[in-house]
Amino acid sequence: MRIFLWNINGIVREEAQCKLKELVKEFKSDIIGIAEPRVYLSSRSMCRFQVDGFNNSIIHNSTVTTIGNLWVMWSMNLPEPVVLNVSRQAITISVEVFYISLVHVSSIQDTRRNLWRQLNIGAQQVPWLVIGDFNFVLCNVEKKGGATPRTTVVNEFSDWMDDNSLFEAGSLGCNFN
């Protein structure tokens, strides 16, 4: 299964939609995660953002009062994902025999702590992928510009990863955009 996540920073732009469709086709994605679409998702607008070969539904974290910052779309070749949890910072789904959490983490430390509590699978023995925009780094070589990350922030994230038996995997694409 191939999972593609893009912090698109606005999906309304025609060039962003075209690039998304091109990348999905190139990487043969089964699940698409969109961070920061910057548009309210309604049943009417869903048709506009459809990708060929993908289900007509979009899992999102929009509410009546807020524009969501995460969308999940899936291939028609997959069974419909089971939504396990939705919050302002994450959407967790179950697909076949594993969990996928797509995240767009807050830059506010107290808000991030809520996410670490939410995304704690404890002793469950389920394969789990956590993918997204964490808005901070595990080490300074991953950072370009700005202030040096506080040690407490890095340690909290590192401890959460250790507590949940997670490790950092490689990625494709541009860094520091």
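Colleague: Leaving aside neighbours within four places in sequence, which residues is Trp116 in contact with?
Modeller: Trp116 is in contact with Val105, Phe134, Phe136, Glu156, Phe157 and Trp160. Do keep in mind that this is a predicted model.

Colleague: Okay, and where is Trp116 found?
Modeller: You'll find Trp116 in helix α3.

Colleague: Buried or exposed, that Trp116?
Modeller: Buried: the relative accessible area of Trp116 is 8%, and the cut-off for buried is under 20%.

Colleague: Glu156 came up among the contacts. Which residue forms a salt bridge with Glu156?
Modeller: That would be Arg113, and the closest N and O atoms of the pair are 2.7 Å apart.

Colleague: What about the Asp110 side of that, what is the N to O distance to Arg113?
Modeller: The side chains of Asp110 and Arg113 meet at 2.8 Å, N to O. Both sit in helix α3 (residues 109-118), and because they are 3 residues apart there, about one helical turn separates them. Arg113 itself is partly exposed, at 30% relative accessibility.

Colleague: How many salt bridges does the structure hold?
Modeller: The structure holds 5 salt bridges. One of them brings together the side chains of Lys19 and Glu22, at 3.1 Å from N to O.

Colleague: Where do Lys19 and Glu22 lie?
Modeller: Both are in helix α1, 3 residues apart, or about one turn of the helix. Lys19 is partly exposed at 34%, and Glu22 is partly exposed as well, with a relative accessibility of 43%.

Colleague: Changing topic: which residues touch the most other members in the largest nonpolar core?
Modeller: Those are Ile11, Leu20, Val24, Ile32, Ile34, Trp71 and Met73, out of 18 residues in that core. The elements giving two or more residues to this core are α1 (14-27), β2 (31-35) and β4 (70-74). The largest share comes from α1, with 4 residues.

Colleague: Take Ile34, then. What is Ile34 in contact with beyond its close sequence neighbours?
Modeller: Leaving aside residues within four places in sequence, Ile34 is in contact with Trp6, Ile8, Leu20, Asn69, Leu70, Trp71 and Met73. Apart from this core lies another one, of 17 residues, including Leu115, Trp128, Phe134 and Val153.

Colleague: Now for Glu36. Where is its place?
Modeller: Glu36 is in the loop between β2 and α2 (43-46).

Colleague: Why does Glu36 count as buried?
Modeller: Because its relative accessibility is 18%, and buried means under 20%. Beyond four places in sequence, Glu36 is in contact with Asn7, Ile8, Asn9, Gly10, Asn69 and His104.

Colleague: How far apart in space are His104 and Leu70?
Modeller: From C-alpha to C-alpha, His104 and Leu70 are 7.1 Å apart, while in sequence they are 34 residues apart.

Colleague: Last topic, pockets. What volume does the second largest pocket have?
Modeller: The second largest pocket has a volume of about 160 Å³. Its lining has 5 nonpolar, 6 polar and no charged residues.

Colleague: And which residues line the second largest pocket?
Modeller: Leu84, Asn85, Thr92, Tyr99, Ser101, Gln118, Leu119, Asn120, Ile121, Gln124 and Trp128. The elements that give two or more residues to this lining are β5 (82-86) and β7 (98-104).

How values were computed: Residues are numbered from 1 along each chain as its sequence is written. This is a predicted model: local features need pLDDT of at least 70, side-chain atom pairs count only at pLDDT 80 or more; totals for chains, interfaces and linings use all residues. Side-chain values use heavy atoms; hydrogens and water are left out. A nonpolar core is a set of buried Ala, Val, Leu, Ile, Met, Phe, Trp, Tyr and Cys residues joined through side-chain atoms within 4.5 Å. Buried means under 20% relative accessible area, exposed over 50%, partly exposed in between (1.4 Å probe, protein chains only). Contact means heavy atoms within 4.5 Å. A salt bridge is a side-chain nitrogen of Lys or Arg within 4 Å of a carboxyl oxygen of Asp or Glu. On a 1 Å grid over the protein atoms alone, a cavity is a set of points where a 1.4 Å probe fits but cannot get out, and a pocket is an open set with protein on both sides within 12 Å along at least five of seven lines; lining residues have an atom within 4 Å of a point. Grid points are joined across faces, edges and corners, and a volume is the space filled by probe spheres set on the points. Ala, Val, Leu, Ile, Met, Phe, Trp, Tyr, Cys and Pro count as nonpolar, Asp, Glu, Lys and Arg as charged, and the others, Gly among them, as polar.
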